[in-house]
Amino acid sequence: MVHKSSTIQIAFDLFLLKCSESDSNAMDNVSTERLAEESHRQDSANLLIFITLLTLTILTIWLFKHRRFRFLHETGLAMIYGVLVGVILRFGVHVPQNMSDVILGCAVNNSPATLLVNVSGRFYEYTLKGEVGRGKGHQVQDDEMLRKVTFDPEVFFNILLPPIIFHAGYSLKRRHFFRNIGSILAYAFVGTVISCFVIGLIMYGFVSFMKAVGQLGGDFFFTDCLFFGAIVSATDPVTVLAIFNELKVDVDLYALLFGESVLNDAVAIVLSSSIVAYQPAGDNSHSFEAMAMLKSFGVFLGVFSGSFALGVATGFMTFTKLRDFPLLETALFFLMSWSTFLLAEACGFTGVVAVLFCGITQAHYTFNNLSPDSQDRTKQLFELLNFLAENFIFSYMGLTLFSFQSHVFNPLFIFGAFLAVFLGRAANIYPLSFLLNLGRKNKIGSKFQHVMMFAGLRGAMTFALSIRDTATYARQMMFSTTLLIVFFTVWICGGGCAFELLCQNSAVLDGSQRRDTKHESAWPFRIWYNFDHNYLKPLLTHSGPPLTATLPTCCGPLARCLTSPQAYENEGRLFDDDSDSILNDATVSSMYADVTVSTDASGRTVNRSSGTRGLSDDCVDHDLALAEHEVAIRGTRLVLPVDDPVEPPTTVTLPSPPSPPGSEPRRQRL
């Protein structure tokens, strides 16, 4: 009987233990759900902050455009609003302290990315969020709130940067870009390398001086100085280019500045990767070694050429057969474009370079294969994404000035950085301009050089490269200084550029001068233009003359096999979008041919006044010499037979005045 009572007592105790465990699990579940709900509300509030910033920026942009205020660009406005919100979050909002669930006494030898904690036989996983500032153990809640508005750097590289870089290539004014391709490549490649090493050497001198006087709080090597020189050599003159559009500056000045900024972003990111890859043999990983330097140079060439080839190949392969479904066609085009960036990163290349040249290739070839609805949708879609992403990044820059927890502001380093950036830009522009003018027919004048010097702003790419790694003391000081450089160049240089342009004479602001393109176009470009128009365009697109009209007669079967039916339908149009037609409908006509097509009663083409078998040099010169701001749309003239000889001929012109009636009374001209 006693044994039975003890058994019942044990069973009852087990039941109570299970009930208590069930109650504990239920309480844990309720607590977890409450924490998840609070975290969701906090995340929604953080996103609402950025949406509000963008909304305020857009409304202020409208006000500035309405008032014709040019001295502060939209990116500068976004940064100002970001700074204001950052000040409010840092100093005006405090979360009530609750230290009951915070343990301050857990000591480990290092900072692992993941920590497994055994609590009464149950394991919990904790992830590393970053270092709490020294002496701020009592401010964990405030730091957590600021950390919530700090995004993972990969968000910038994988989500925000691709639309900006792709739009730069997709909207590139290719005619003026390729007309100045030699100078642009010199500024982008040679100039960026010169700027990187000039800034790196100057900063190494300042760092050595700081170390000697005891103003350096950590390690800072020569490779770190070169890395800093690489990231701040990336220019982003979005402010100046917007002012250029409003003031109608010279098209060659626009092409030089925009082309340099597009390419040197790609060069800067590959150059920074090459500097990181510098690994000399031996114990000292920061000593100079010739073989390691040559290896880094090989990495630079390999990564850049591989990314370039991948981007161009992806652009060639972006063919769509969904013209009857514009929504699906646009979605496929968008996904193929974005996947280029991710594919390059996954293969060990640089997605920025790949997506840039993918955009240039797709604008030149794939754009012609899209349906009219998809053409409009892709232009508007990427323009919208570029606008939102760029303003989001600049708003985040202002916010990060106060939300980032590991800033290192050193006055000597900041002063040296500003001096080095100025001298590095000067070493890029002036010597190269002098050398380029030795071989250019159309010289780069001193006023052009001053504007290019003043317009070397820093922006999204510099910020993204600096925030990607802030683990060490050197990288934290680079990031803090980079923020100040971006603020200064956007607010001061960008805002003062309009005043500087207005002070220049009409030679800088006159973008409508007609130039002799025959003498200023490089002969490689002229050869490429003929080859592209006669062979690549007909092969890869439905525009241009069919291959049956450009290939030799002996290649007739192959030409007919490779020519699409749409190419025959568009044969009379002869549209070539080497003009600035991608994002500017006002200039789409700069490359239209003036074609006369005669048909018989059955509608078959019997002759044309301008042939399509090849392009003469005079034709190319005429097409390329059209001025930027002149619109000369020439309609295709269709000569049709009529049955009634009594009816007078009717002339319809689009838009030029009608030609005198021809000698054939039985035809009317459209």
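Helices (H or I, at least four residues) and strands (E, at least two) are DSSP runs, numbered from the N terminus. This is a predicted model, where local features need pLDDT of at least 70, side-chain atom pairs count only at pLDDT 80 or more, and totals for chains, interfaces and linings use all residues. Residues are numbered from 1 along each chain as its sequence is written, and side-chain values use heavy atoms, with hydrogens and water left out.

**View 1. The whole protein chain.** Counting up the secondary structure gives 24 helices and 6 strands. Of the 670 residues, 46% count as buried (under 20% relative accessible area; exposed is over 50%, partly exposed in between, with a 1.4 Å probe and protein chains only). Now take contacts (heavy atoms within 4.5 Å) between residues at least 6 apart in sequence: 78% of them join residues at least 24 apart. The accessible surface comes to about 33600 Å², and carbon and sulfur atoms own 64% of that; the areas come from the Shrake-Rupley method with a 1.4 Å probe, and for residues, only the protein chains shown count as cover.

**View 2. Helix H10 and its cover.** H10 runs over residues 290-317, and its 28 residues reach 40 Å from the first C-alpha to the last. That is close to the 40 Å expected at 1.5 Å a residue (the expected span is 1.5 Å times one less than the number of residues). Look for its buried residues, among them Ala 292, Ser 296, Phe 300, Val 303, Phe 304 and Ser 307. An α-helix has 3.6 residues a turn, so residues three or four places apart point the same way. The cover over the buried part of H10 includes helices H6 (181-212), H9 (251-276), H11 (326-346) and H12 (351-369).

View 3. Strands S1 (residues 114-119) and S2 (residues 122-127) pair in the antiparallel sense over 6 bridges (two strands pair if DSSP finds at least two bridges between them). Going across, Thr 114 faces Thr 127 in S2, while Leu 116 sits opposite Glu 125. The hairpin leaves 2 residues between the strands, and Ser 120 in the turn has a positive phi of about 55°. S2 is hardly covered, with 0 buried among its 6 residues.

**View 4. Asn 386 in helix H13.** This asparagine belongs to H13 (residues 372-403). Asn 386 counts as buried because its relative accessibility is 12%. Setting aside neighbours within four places in sequence, Asn 386 touches Pro 163, Ile 164 and His 167.
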